[in-house]
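Welcome! Take a moment to look over the chain, and then let us walk through it together.

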Amino acid sequence: MMIPLRRLIVGRPLESARAAHEKLPPLLALPVFASDALSSVAYATGEIMAALLLAGPLYLHITIPISVAIVVLLAIVATSYRQTVMAYPGGGGAYIVARDNLGVVAAQTAGAALLIDYILTVAVSVSSGVAAIESLLKTQHQIAVPVVPICLACVALITMVNLRGVKESGKAFALPTYAFIVIVYVLCGLGLYQYAHGSLALAHSPEVFRSALPALDRNPTQAADFKMLGLFLILHAFASGCTALTGVEAISNGVTAFKHPAAPNAAKTMVWMAVILGSMFLGLSFLAVHVNALPETVVPTAANNGGETVLSQVGRAVLGPGHLAHILYYWLQIATALILVLAANTSFADFPRLGALHANDGFLPKQLTNVGDRLVFDRGIITLGVLACILIAHFRGDVHNLIPLYAVGVFLSFTLSQAGMVKRWFRLRSPGWRWKAMVNGLGAIVTFVVLLVFGVVKFASGAWIVVLLIPILVVIFFRIHAHYDSVDRQMVVIPSDLEDTTPPQHAVLVLVPGATRSALQAVKYARSVAGECRAIHVEVHPEKTPNLRNFWMKLGGQVPLVILESPFRDVVGPLMAYLDEVQTETPNTQITVVIPEFAAARWWQNLLHGHTGLVLKFALLRRKNVIVTNVRYELENESVAFREMFDIHEDYAGHL
């Protein structure tokens with residue numbers, strides 16, 4: 001039953017030879033790898049305005065120059081990463097660049113930062129998408145939305161789609177991504193036309209706009225502190241708006257997913273993404289300022305809808321009343337919600353690939369390198385889905401609680417990647433290396449400054465968690481690597497192993513819980529493994545021991561029976577003590593412990609039994625020089641067993 005269900009969800013297995021057919025053309029790669037970056041325009045402007053509102057609504061006009069500065073930074077970063085794509089057509093992004101040019105510590109730091117950022121991307125994107133749905137239903141129908149359950153359901157859905165394969169996810173998410181791009185361009189075009197002709201409506205009246213206050217209970221920083229620090233306020237807003245750049249590096253991490261020629265196609269997609277993202281972000285920021293939009297963090301009053309997204313307010317003001325406008329507004333909100341939710345797909349495309357690179361180098365569990373039957377790293381996909389769900393549940397799907405954790409990791413990876421590229425150009429000195437080194441050097445400096453700003457202004461709001469978590473993860477990575485390195489050293493065959501051909505002494509102990517068919521079958525198996533073996537019975541119920549002795553005598557004494565007393569009714573303790581005695585008497589003896597167990601005909605019937613054999617197996621698992629073998633006895637259905645009951649030999653009837 002489980003196999004058909006898995007095939008229904010994931011699809012039929014794909015042959016390894018079909019890997020080339022699963023590659024993505026640029027039109028499908030854009031929604032897969034750029035949806036995270038493109039979706040950020042839905043909340044980046046609002047985050048800038050939320051920071052500026054702490055000093056009062058009169059500061060909101062600074063949103064436009066801050067947005068321009070962020071777009072300039074976007075151009076620098078995108079140009080730098082385009083060079084990375086062409087230099088490293090094998091993909092891997094910041095991790096590979098840092099590993100090849102800055103060393104293993106820098107590589108693990110970049111990898112840890114990106115892995116954390118991908119998990120946060122899923123949480124922030126899905127939470128933002130549900131917030132857009134909530135904004136629509138709250139403003140239009142006054143309907144409350146169960147945020148966390150919807151978020152978890154969305155993550156589960158995206159996880160299942162990605163388990164079906166990269167190409168499947170590209171096809172599934174292409175339409176919502178392009179629908180969002182089209183409606184945002186329509187909105188910006190109409191808004192700029194109305195502004196040029198003086199007919200642009202306002203989302204809030206001047207009186208309501210001037211009286212707006214931030215909801216300080218959502219941000220512990222007091223507005224008065226910001227009024228005294230104008231530069232710090234601007235830096236705070238700039239850092240908040242830099243969330244628009246998260247996801248820019250995704251294309252460089254997934255170059256191998258592109259159709260041939262992979263690197264040029266990835267570079268082309270990078271340019272498309274940067275142009276679309278920059279133009280939409282600037283257009284929405286300009287309109288948000290001129291329609292008197294207020295961030296979601298404004299205190300809700302009778303005169304304004306606290307909690308309504310900035311994009312929703314721009315949509316209401318630009319589209320205005322009317323049947324067609326109503327349709328376009330719903331299109332805007334639904335498309336926004338979809339792309340915000342589906343932006344998590346960027347992480348599902350990159351997290352498993354990056355995890356596989358770490359694992360292949362021995363810094364994460366090797367299981368992450370396994371390619372599933374749909375030619376994707378399914379272990380990484382499932383891991384990301386589970387971790388994102390935990391994060392969403394912990395923060396209750398609140399975007400403004402998640403945002404401060406966001407972007408620290410990605411800007412750290414930006415800096416390491418660009419610094420690594422600078423070192424690469426100075427080492428290779430290929431044609432045009434000075435220009436390339438200058439571009440990457442400028443990118444490294446700018447992203448490092450943004451990293452410092454973001455770390456300082458967002459530290460107390462939650463960024464400290466990421467700052468602390470990155471070095472912890474790096475330490476864990478090196479511990480994992482040390483383990484794998486130790487395993488490799490110990491598994492190498494040395495000359496002395498080949499010289500010593502003397503077989504070790506072998507003792508077989510078969511556990512006998514009682515006079516049962518399963519015990520008899522285990523004894524027969526033990527005798528087939530070794531000519532000499534011993535039966536061990538732990539005397540938990542002394543009153544049953546005489547029956548067992550009588551039963552054993554009828555076997556002809558072929559296998560000696562050892563009775564271990566257990567005054568405290570413990571099975572594990574007496575067995576361990578007996579093993580200690582055997583290993584003390586003959587230190588180099590290999591001991592095989594045979595444990596009989598029966599398997600019920602129905603799965604639910606297994607719940608009716610104690611499974612002592614399973615307990616013993618786990619207890620012996622880490623015991624040196626001890627091999628555990630389970631001998632299964634398959635039980636029949638009750639109806640068959642009942643018919644056979646009357647044919648069972650008299651010697652066994654008393655023991656059923």
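Helices (H or I, at least four residues) and strands (E, at least two) are DSSP runs, numbered from the N terminus. By that rule the chain has 29 helices and five strands. What you see is a predicted model, where local features need pLDDT of at least 70, side-chain atom pairs count only at pLDDT 80 or more, and totals for chains, interfaces and linings use all residues. Residues are numbered from 1 along each chain as its sequence is written, and side-chain values use heavy atoms, with hydrogens and water left out.

How much of the chain is buried? A residue counts as buried under 20% relative accessible area, as exposed over 50%, and as partly exposed in between (1.4 Å probe, protein chains only). Of the 656 residues, 52% count as buried. Helix 2 (residues 26–33) is mostly covered, with seven of its eight residues buried; among them are Leu28, Leu30 and Phe33.

Next, find helix 16 (residues 323–342) and helix 17 (residues 344–360), whose axes come within 4 Å and cross at roughly 20 degrees. Axes here are lines fitted to C-alpha atoms, for helices over the stretch in contact, with angles running from 0 to 180 degrees between N-to-C directions. Angles under 35 degrees count as roughly parallel, over 145 as roughly antiparallel, 65 to 115 as roughly perpendicular and the rest as oblique. Helix 16 and helix 17 are therefore roughly parallel to each other. Contact means heavy atoms within 4.5 Å, and Leu340, Val341 and Leu342 in helix 16 meet Ala344, Asn345 and Thr346 in helix 17.

Finally, look at Ile465 in helix 22 (residues 459–491). Ile465 is partly exposed, with a relative accessible area of 31%.
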